[in-house]
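Dear colleague,

Please find below the structure that I am handing over to you. My notes on what was found in it follow directly after.

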Amino acid sequence: FLDTIDKLITASSHKTIGEWLDNQEVCLILKIAPRTLQNLRDTDQISYSQIGKRFIIKRRYSEI
């Protein structure tokens with residue numbers, strides 16, 4: 001699963017490794033719904049940080 005995400009992010013993004021992505025960017029890159037992303041966070045399949053009410057996902061998975 002993570003290898004597939006790595007390839008999708010690498011192919012779809014101009015950002016460099018180590019940058020943070022918000023929910024919308026992740027959903028667009030992975031072509032998933034926000035609820036699917038929430039399920040990935042809830043089941044600890046993807047790590048994230050929360051700053052205030054905003055969730056951010058580190059681009060660990062393209063290093064996702």
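**Aromatic and charged side chains**

The count of aromatic pairs comes to 1. The two rings belong to tyrosine 48 and phenylalanine 55; their centres are 5.3 Å apart and their planes stand at 65 degrees, so the pair is edge-to-face. Please bear in mind that this is a predicted model, and that every value quoted here was computed from it.

Arginine 41 itself is one of the buried residues of α3. Tyrosine 48, by contrast, has a relative accessible area of 34%, and is therefore partly exposed.

**Overall architecture and confidence**

The protein chain contains 3 helices and 3 strands. Read from the N terminus, these elements follow the order α-β-α-α-β-β. The chain has 64 residues, of which 33% count as buried.

The mean pLDDT of the chain is 76, and 70% of its residues reach 70 or more. Among the elements, α3 has the highest mean pLDDT, at 93, whereas helix α1 (residues 2–12) has the lowest, at 69. Where pLDDT is low, the predicted coordinates should not be read in detail.

**The nonpolar core**

Which residues make up the largest nonpolar core? It has 10 residues, namely Ile5, Leu21, Val26, Cys27, Ile29, Leu30, Leu37, Leu40, Ile46 and Ile57. The elements that give two or more residues to this core are α2 (23–30) and α3 (34–42). Of the contributions, that of α2 is the greatest, with 4 residues.

Apart from its neighbours within four places in sequence, valine 26 is in contact with Leu21, Lys31, Leu37 and Ile57.

The buried residues of α2 are Val26, Cys27, Ile29 and Leu30. Viewed down the helix axis, they fall within an arc of 165 degrees, so they line one face of α2. Gln24 and Leu28 are exposed on the other side of this helix.

In α3, the buried residues are Leu37, Leu40 and Arg41. These three lie on the same side of α3, because the arc they cover around the axis is only 100 degrees. The elements against which the buried residues of α3 pack are α2 and β3 (54–58). Just after α3, aspartate 44 adopts a positive phi of about 60 degrees.

**Lysine 7 in helix α1**

Lysine 7 lies in helix α1. Is this residue buried or exposed? Its relative accessibility is 62%, and since the threshold for an exposed residue is over 50%, lysine 7 counts as exposed. Lysine 7 is 23 residues away from leucine 30 in sequence, while their C-alpha atoms are 9.8 Å apart in space. Leucine 30 is among the buried residues of α2 and belongs to the largest nonpolar core. As noted above, helix α1 has the lowest mean pLDDT among the elements of the chain.

With kind regards

Technical notes. Residues numbered from 1 in each chain as written. Predicted model: local features only at pLDDT ≥ 70, side-chain atom pairs only at ≥ 80, totals over all residues. Heavy atoms only, no water. Core = buried A, V, L, I, M, F, W, Y, C linked by side-chain atoms within 4.5 Å. Buried < 20%, exposed > 50% of the residue type's maximum accessible area, 1.4 Å probe, protein only. Contact = heavy atoms within 4.5 Å. Arc of directions from axis to C-beta. Phe/Tyr/Trp six-rings, centres within 6.5 Å; stacked < 30°, edge-to-face > 60°. pLDDT = per-residue confidence, 0-100.
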